[in-house]
Amino acid sequence: MKPVIAITCKYPSAMQNYIDAVNEFGGKPYVIGSLERTIPEHLIAIPEYLKNIDGLLLPGGGDINPCIYFQERDKFKGWDGTEIDMKVNQGVSRSRDALELRLCQEALKTDIPVFGICRGIQTMNVAMGGNLYQDTPLQVQNPLPHKHVEKDKDTQHTIEIDANSRLSEIVGTNHDVVNSSHHQSIDLIANGFIITARSEDGVIEAIEKPSKRFVIGVQYHPERMRKNKEFLEHRRKLFEAFIKAAKR
């Protein structure tokens, strides 16, 4: 029987890349849209969700409300310590934050495999007490281009992967090229997680929780890594490892 993989989101219509990847590598997608129920209804239903799923995929999307990690929205310090007051947060959704943060916390308690992608790695970190850079280009010195430079076209860069990490074991390398499309990233990492990959400018590109069966977050977008053979292999290995862990 195929493992059931929950894919959380705001609008199910935007999840096709994730649905396709789960289907392709042996899972059964179960999409949970935050706007399909009220926040209280989702919170009551979380035990029901957990009983019906074998893995949790936290995908990309809009920004997490900074209030959740105790920062003022659109107010932060730049890399040189200057105060910045600028509208940078995009697509913030109370309903999605409430659903994903609580569901992630409960999945980790019960050791359900969790795979976070882009916003998903940020959700994992914030859910367990970490925080974020509200705007990576303004808060990291000499940043690489992490957001697409052309509309709907990802940029790409290299990452260095910890040789002792689960991620390295899965993808079979300590150095790889990945795509990139984000403007926020992890600042302080949550307790219990370890940093397993960074880009050349120091931005955190992957984290994991070694005490769990499978809890990995990546800042890049493996669901749409189809540009070349190397991208396809990286994508396949990650999704296969996640779905295999959920199947167990």
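**Salt bridges and a pocket**

Analyst: Start with R96, D97, E100 and R119, whose salt bridges link up into a network. Keep in mind that this is a predicted model.

User: How many salt bridges are there?
Analyst: The general idea is a distance test: a Lys or Arg side-chain nitrogen has to sit within 4 Å of an Asp or Glu carboxyl oxygen. Here that rule gives 11 salt bridges.

User: Which residue does D97 pair with, and how far apart are the closest N and O atoms?
Analyst: D97 pairs with R119, and the closest N and O atoms are 2.9 Å apart. D97 belongs to helix α3 (residues 94-109) and R119 to helix α4 (residues 119-127), so this bridge ties together parts that are 22 residues apart in sequence.

User: Is D97 buried or exposed?
Analyst: For reading such values, under 20% relative accessible area is buried and over 50% is exposed. D97 has 3%, so call D97 buried.

User: What about E100 and R119?
Analyst: They also form a salt bridge, with 2.9 Å between the closest N and O atoms. Since E100 lies in helix α3 and R119 in helix α4, that pair ties together parts 19 residues apart in sequence. E100 counts as buried, with a relative accessibility of 0%.

User: At what N to O distance do the side chains of E223 and R224 meet?
Analyst: Their salt bridge comes out at 3.9 Å, N to O. Check each end for burial: E223 is buried at 0% relative accessibility, while R224 is partly exposed, with a relative accessible area of 29%.

User: Now the pockets. How much space lies in the largest pocket?
Analyst: The general idea is that rolling a probe the size of a water molecule over the atoms shows where empty space is left. In this model, the largest pocket holds about 350 Å³. It is lined by 19 residues, and G61, G62, C118, K147 and S181 are the closest to its centre.

User: How do the lining residues divide into nonpolar, polar and charged?
Analyst: For the largest pocket, the lining has 12 polar, 5 charged and 2 nonpolar residues.

Definitions and conventions: Residues are numbered from 1 along each chain as its sequence is written. This is a predicted model: local features need pLDDT of at least 70, side-chain atom pairs count only at pLDDT 80 or more; totals for chains, interfaces and linings use all residues. Side-chain values use heavy atoms; hydrogens and water are left out. Helices (H or I, at least four residues) and strands (E, at least two) are DSSP runs, numbered from the N terminus. Buried means under 20% relative accessible area, exposed over 50%, partly exposed in between (1.4 Å probe, protein chains only). On a 1 Å grid over the protein atoms alone, a cavity is a set of points where a 1.4 Å probe fits but cannot get out, and a pocket is an open set with protein on both sides within 12 Å along at least five of seven lines; lining residues have an atom within 4 Å of a point. Grid points are joined across faces, edges and corners, and a volume is the space filled by probe spheres set on the points. Ala, Val, Leu, Ile, Met, Phe, Trp, Tyr, Cys and Pro count as nonpolar, Asp, Glu, Lys and Arg as charged, and the others, Gly among them, as polar.
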